[in-house]
Amino acid sequence: MIEKTETGSGLVFIYTTLPDTGTADGIGRQLVESRLAACVNIYPEIRSIFEWEGKVESESEVVAFIKTRVELADRVMEETRKLHPYDVPALLVLPIEGGNEDYIGWAKEQARGG
C-alpha cells in the first residue's frame with residue numbers, strides 16, 4: 001500500500017515491465033477502459049538483466065508507464081498484478097511533480113476510478 005500523500009500534480013506513474021507488447025497492450029487497454037488509468041505508454045524492446053532463482057538472466061521486455069491519480073495507485077497495482085504474467089512483477093510508483101495544467105486536468109478526469 002502506498003502512502004496517500006499528494007504529489008505536485010496529484011498524478012503518479014506506475015512503472016512495470018512485461019514480456020511483450022501484446023501483453024502490455026492488453027493490460028493497458030483494460031486499465032484505461034476501466035478508468036483506472038488516463039493513459040499507458042508502452043516502450044518496446046528493452047533488455048533486462050537480473051538474477052532469478054540463483055541464475056543471472058537477460059531477457060527482452062517492454063516497459064509500461066501507467067498514468068493515474070495518486071489515490072488510485074493501490075487499485076491500479078492490484079488490478080495490474082491480477083493481469084500480469086510474472087510471479088513477481090515490478091510495480092513501482094513514481095510521482096509526477098508537475099506538468100502543463102490542461103494535460104494534468106485531462107488525465108485526472110480520465111482516471112476517475114470508474
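Tutor: Before we look at any contact, take the secondary structure as DSSP runs, in which a helix is a run of H or I of at least four residues and a strand is a run of E of at least two, both numbered from the N terminus. This is a predicted model in which local features need pLDDT of at least 70 and side-chain atom pairs count only at pLDDT 80 or more, while totals for chains, interfaces and linings use all residues. Residues are numbered from 1 along each chain as its sequence is written, and side-chain values use heavy atoms, with hydrogens and water left out.

Student: How many salt bridges does the rule give?

Tutor: The rule asks for a side-chain nitrogen of Lys or Arg within 4 Å of a carboxyl oxygen of Asp or Glu, and by it the count comes to five salt bridges. One of them joins the side chains of Asp25 and Arg29, at 3.0 Å from N to O.

Student: Where do Asp25 and Arg29 lie, and what separates them?

Tutor: Both belong to helix H1 (residues 21-33), and because they are four residues apart there, about one helical turn separates them. For accessibility, buried means under 20% relative accessible area, exposed over 50%, and partly exposed in between, with a 1.4 Å probe and protein chains only. Asp25, at 34%, is therefore partly exposed, whereas Arg29, with 51%, is exposed.

Student: Which residue forms a salt bridge with Lys82?

Tutor: Glu79 does, with the closest N and O atoms 3.8 Å apart. Lys82 is exposed, with a relative accessible area of 60%, while Glu79 is partly exposed at 25%.

Student: Which side chain meets that of Glu109 in a salt bridge?

Tutor: The partner is Arg112, at 2.9 Å from N to O; Glu109 is partly exposed at 45% relative accessibility, and Arg112 is partly exposed at 45% as well. Elsewhere, salt bridges that share partners join Glu78, Glu79 and Lys82 into one network.

Student: How is a pair of aromatic rings described?

Tutor: The description uses the distance of the centres and the angle of the planes. Rings of Phe, Tyr and Trp (its six-membered ring) pair if their centres lie within 6.5 Å, and planes under 30 degrees apart count as stacked, over 60 as edge-to-face and the rest as tilted. By this rule there are four aromatic pairs. Among them, Tyr15 and Phe65 have ring centres 5.4 Å apart and planes at 65°, so the pair is edge-to-face.

Student: Which strands hold Tyr15 and Phe65?

Tutor: Tyr15 lies in strand E1 (residues 11-18) and Phe65 in strand E3 (residues 55-69), so the pair ties together parts that are 50 residues apart in sequence. Tyr15 is partly exposed, at 23% relative accessibility. The rings of Tyr103 and Trp106 form a tilted pair, because their centres are 5.3 Å apart and their planes stand at 45°. Tyr103 and Trp106 are both in helix H3 (residues 101-110), three residues apart, or about one turn of the helix. Ring pairs also link Phe13, Tyr15, Tyr43 and Phe65 into a cluster.

Student: What value does phi take at Glu45, and what at Glu53?

Tutor: At Glu45 phi is near 55°, a positive value in a residue other than glycine, and at Glu53 phi is near 50°, again positive in a residue other than glycine. Glu45 is found in strand E2 (residues 39-52), whereas Glu53 sits in the loop between E2 and E3. Glu45 is exposed with a relative accessible area of 61%, and Glu53 is exposed with 71%.
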